[in-house]
Amino acid sequence: MAEQYQAISEEEQKKANTFFQRGRDVGATGNYEFAIEMYAQGLTIDPENVEAHMELRDISLKRKGTGGKALGFFEARKVSTNNKDDKLNMVNAEKLLAYDPGNTDHMQSLLQNAHKAGFYDTVMWIGPILQKANADTKKPEFAKFIVLKDVYKSMALDTATPPQIRGELFHRATNACHYAAKMKPDEMDLQTELKNLGALHTQTVGKYDQVGGSFRDSIKNRDEQEKLQQQDKGVQELGVMGRLINDAEAQYRADPNEPGKLLKLIDALEKTEHPDYESKAINLLTEWHERTKQFRFRKRIGEINMRQWRRMDQGQKDYLEQNKEDEQAKKDYQSFLHDKYEFELSEYQLWSDNYPTDMSFRFQAAQRLFYLGRHEEAIPLLQQSETDAKYRIRAKIFLGRAFYESKFLDEAIDTLDGLIKEYQMKGDDNSKDMHYWAARAHEDRGDAEAAIKFYKRDRSDGIQFQGRSEAD
């Protein structure tokens, strides 16, 4: 029912665009599977972004052209389209379709779940693709034409459907019915419905000068006053930012070989936090890095990408906070975190190689190795990082934990016990961490008395260890 159309807020659209931009960037490098995941994450936030649907379709076809295969049986089962959440079913159907772009069953599932979820611009996008794919196959399926006809008709007959879109819906319903009627010319009821749909199309088109558009645009027009107020505020803010960018660009053009002018422009582009401006900044930095071979320009590209990853991370956290029962989203978030840590690790390792005396990059790389479960690889980097006073305490805590996770209990105990003796602060987060993990190491080595001592230590300062009691 069209009154159930689900409008997506501009704030959500902006969050989703971060994922879409990342999908574009990695898709351009040929990393199609990761690009598909990024688009799927974005469509979970903004399922009505038709441009994103089209871009994902293009990526799936490119992947197919390079020999990409459909998901295997067990992998496909993990991407279920039989959940209670129609939006999740829609996104999963599109993900399956991205791995198998010619599969009309996935197209039909995408269409029907988008319709049930109230994402009607998505219906308008996938409908023609399904109809053409079904018509062009050697054995077209009658039922799929009927599904198309019924979906279009139900949307057209609903009084809440914007009038200018109703004519296009009747036209599409008539077209789908025509294909079905050709397959079963003796079904008189179908022939009658074809005539009625054609008449409704003619009547509707005759009433309006303009036919077509999108549901999203119609909702915007319907809420015009509210939107105009928001737009006025947005234009003012963009106007200030736009002037800063224009001024920086003018200075850069006047002196295109001056690094300071370039970096001023990069600063202005970055402040927008808009993917288009960030892409422009990345392109400029890439040109300068290739021309000058100075690594600082390459490092700046990595910093921009990391900020984009952090925004994507925050977008997923916000979604999970509002949808705490979405188990699939929780699994997707863990997969996302793994990809984020891998990317950050590769950047910090590259930075460390180019700035070998800066221990901060080694410490950050070691943390990512730890988060990825690569504890033994993290150990030598953490040992190097602790030579820098700025990172000594946190590096030694992570080092003790890395020893513990690697089952080097003696080394874990030596590291954490020694740190506890030298650490002066009591009751802060660092103190809590080192006491807790020292207790865990002693406990695992079988020294219950020492473990209890550390579990009890500084309890008066508010240290609590995951609900453990003295008896535990």
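What follows is a friendly set of questions and answers about the predicted model shown above.

Residues are numbered from 1 along each chain as its sequence is written. As the model is predicted, local features need pLDDT of at least 70, side-chain atom pairs count only at pLDDT 80 or more, totals for chains, interfaces and linings use all residues, and side-chain values use heavy atoms, with hydrogens and water left out.

Me: How many helices and how many strands are there in the protein?
Reply: Happy to start there. Helices (H or I, at least four residues) and strands (E, at least two) are taken as DSSP runs and numbered from the N terminus. On that basis the protein has 22 helices and zero strands.

Me: What percentage of the 472 residues count as buried?
Reply: Buried means under 20% relative accessible area, exposed means over 50%, and partly exposed lies in between, with a 1.4 Å probe and protein chains only. For the 472 residues of the protein, the buried share is 49%.

Me: Among contacts between residues at least 6 apart in sequence, what percentage join residues at least 24 apart?
Reply: A contact here means heavy atoms within 4.5 Å. Among contacts in the protein between residues at least 6 apart in sequence, the part joining residues at least 24 apart is 61%.

Me: Which stretches have pLDDT under 50?
Reply: pLDDT is the predictor's confidence in each residue, from 0 to 100. The protein averages 86, and 88% of the residues score at least 70. One stretch under 50 has six contacts beyond four places in sequence, namely residues 207-211. Another is below 50 and has 22 contacts in the model beyond near neighbours in sequence, namely residues 460-472.

Me: How many aromatic pairs are there, and is the pair of Tyr436 and Trp437 stacked or edge-to-face?
Reply: Rings of Phe, Tyr and Trp (its six-membered ring) pair if their centres lie within 6.5 Å; planes under 30 degrees apart count as stacked, over 60 as edge-to-face and the rest as tilted. By this rule the count is 23 aromatic pairs. For Tyr436 and Trp437, the ring centres are 5.1 Å apart and the planes are at 80°, so the pair is edge-to-face.

Me: What kind of pair do the rings of Tyr436 and Tyr455 form?
Reply: Tyr436 is in helix α21 (residues 429-445) and Tyr455 is in helix α22 (residues 448-456), 19 residues apart. Tyr436 is buried at a relative accessible area of 6%, and Tyr455 counts as buried at 7%. Their ring centres are 6.4 Å apart with planes at 55°, so the pair is tilted.

Me: Which helices do the buried residues of α22 pack against?
Reply: The buried residues in α22 include Ala450, Ala451, Phe454 and Tyr455. They cover an arc of only 140° around the axis (taken from the directions from the helix axis to the C-beta atoms), which puts them on the same side of α22. An α-helix has 3.6 residues a turn, so residues three or four places apart point the same way. The helices that the buried residues of α22 pack against are α20 (409-422) and α21.

Me: Which residue has its charged end over the ring of Phe343?
Reply: A charge sits over a ring if NZ of Lys or CZ of Arg is within 6 Å of the ring centre and within 35 degrees of the ring normal. Phe343 belongs to a cluster that ring pairs link together, with Phe19, Phe34, Trp309, Tyr333 and Phe336. The charged end over the ring of Phe343, 5.0 Å from its centre, is that of Arg22.

Me: What is the phi of Lys293?
Reply: Lys293 lies in the loop between α14 (275-292) and α15 (295-322). With 65% relative accessibility, Lys293 counts as exposed. Although Lys293 is not a glycine, its phi is positive, at about 65°.

Me: And where is Lys407 found?
Reply: Phi of Lys407 is near 70°, a positive value in a residue other than glycine. Lys407 also counts as exposed, at 65% relative accessibility. Its place is the loop between α19 (392-405) and α20.
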